[in-house]
Amino acid sequence: MKFSMIFEAQLVDPTPAREHQVLHDCVEQAVLAEEMGFDRIWAVEHHSLVQYAHMSASEIFLTWVAARTRTIRVGHGVVTMPFGYQHPVRVAERAAMLDVLSGGRVDVGAGRGATRQETRMFGVRPEDTRPQTEEALRIFASAWREPEFEWHGTLDIGPGAVLPRPVQTPHPPLFMACSQHDSLRQAAELGIGALVMGFAGAEDVRAMRAVYDQALASRDGSRFVSTEVNDHFSALCPTIVLDDAARALRLGTRGQRFFAESIAHWYGGAPAPTGYAEDEDHSGALDEQRQKLIARLHEADIPARPVDTGTYNTDHAYGDAATAIAYVERLREIGVDEVMCLIQMGTVPQEVCLETIRQWGEHVIPHFRAPRASAPGSA
């Protein structure tokens, strides 16, 4: 099992000074993650989503982290792939350059960038996001494998060389953000790894793993985007871990409340989130919001799916190290290949983020790296 962290660069009070500090705080967290034994850090790419995600140029962030570290992998989780955001050849060039300079540590995840705010900023048509994301994946896989490359589809490219060539051969591993069952099936059919939202809890992760496994078993390879197949399943794990388990729960659920309300604002038109006092009942507030959403969906005769209500679930790795170990044991039993820790949520203080990383490095990760005891009578 692998362990990683994902960064959105969230902040409650988006002044320029606080924004600058949050980005430097994320770098400090990523550097500590390597020291504490994490395998990878992921950085999102979002645009103009105030408070929710100030990580707009993740390739720059990842390059800065790679220069400050030696072994930890640096992953785009994700690059927005529709062509209005950036030309696929430029993505391929930038990722390959970072792969060379980092010594072969890059992973590339694909995303649609499908919020109305983002598509309007870049003139992207929402109906183009899904097919163009798949086409972009095919473009890079070809561009990185072939000494001279050309492509004739929605875009006409080349012929010409895409330089530099990446260190990893034939190219860095490919992933895709998956929040729904259809996207899980698509990732499996394309032969790329799945980056799965885990807010709805371990049982929803179990259901998503089953969908992915079923698609892996039934695919025939005809839709693979590359000769290099990646069947890696990463699941999000919101977490705050402190010696004071009760405070970790308060701070974790407060951070998740900010995260959930930010998503509801940018993806559903709800009011913008605000900061909250630490001692409020954030679990209760999230449950109340969940029940209200379910009622609205019921009135509209729409099924309440985990993808819609999951961000209001607070059964996560919030507590002491034993709490986190128990939650990760559930994920391991499900068959999760990588636990993707979400620590940097908008209201979580930097010192709490750093202490959570230390707790994972000193207690949680070693528990899963230690050899497991053999069953009695086994060889």
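Q: What span does helix H3 reach from its first C-alpha to its last?
A: Helices are DSSP runs (H or I, at least four residues), as strands are (E, at least two), numbered from the N terminus. The expected span is 1.5 Å times one less than the number of residues. H3, residues 88-102 with 15 residues, reaches 21 Å, close to the 21 Å expected. Just after H3, Gly103 takes a positive phi of about 80°. This is a predicted model, in which local features need pLDDT of at least 70 and side-chain atom pairs count only at pLDDT 80 or more, whereas totals for chains, interfaces and linings use all residues. Residues are numbered from 1 along each chain as its sequence is written, and side-chain values use heavy atoms, with hydrogens and water left out.

Q: Which residues of H3 are buried?
A: An α-helix has 3.6 residues a turn, so residues three or four places apart point the same way. Buried means under 20% relative accessible area (1.4 Å probe, protein chains only). The buried residues of H3 include Val91, Ala95, Leu98 and Ser102. The buried residues of H3 pack against elements including helix H2 (58-68) and strand E3 (73-80).

Q: Which element gives the most to the lining of the largest cavity?
A: Rolling a probe the size of a water molecule over the atoms shows where empty space is left. A cavity is a set of points on a 1 Å grid over the protein atoms alone where a 1.4 Å probe fits but cannot get out; lining residues have an atom within 4 Å of a point. H3 gives the most, with three residues; Val91, Arg94 and Ala95 are among the lining residues.

Key
Buried < 20%, exposed > 50% of the residue type's maximum accessible area, 1.4 Å probe, protein only. Contact = heavy atoms within 4.5 Å. 1 Å grid on protein atoms, 1.4 Å probe; cavity = no way out; pocket = protein on both sides within 12 Å on 5 of 7 lines; lining within 4 Å.
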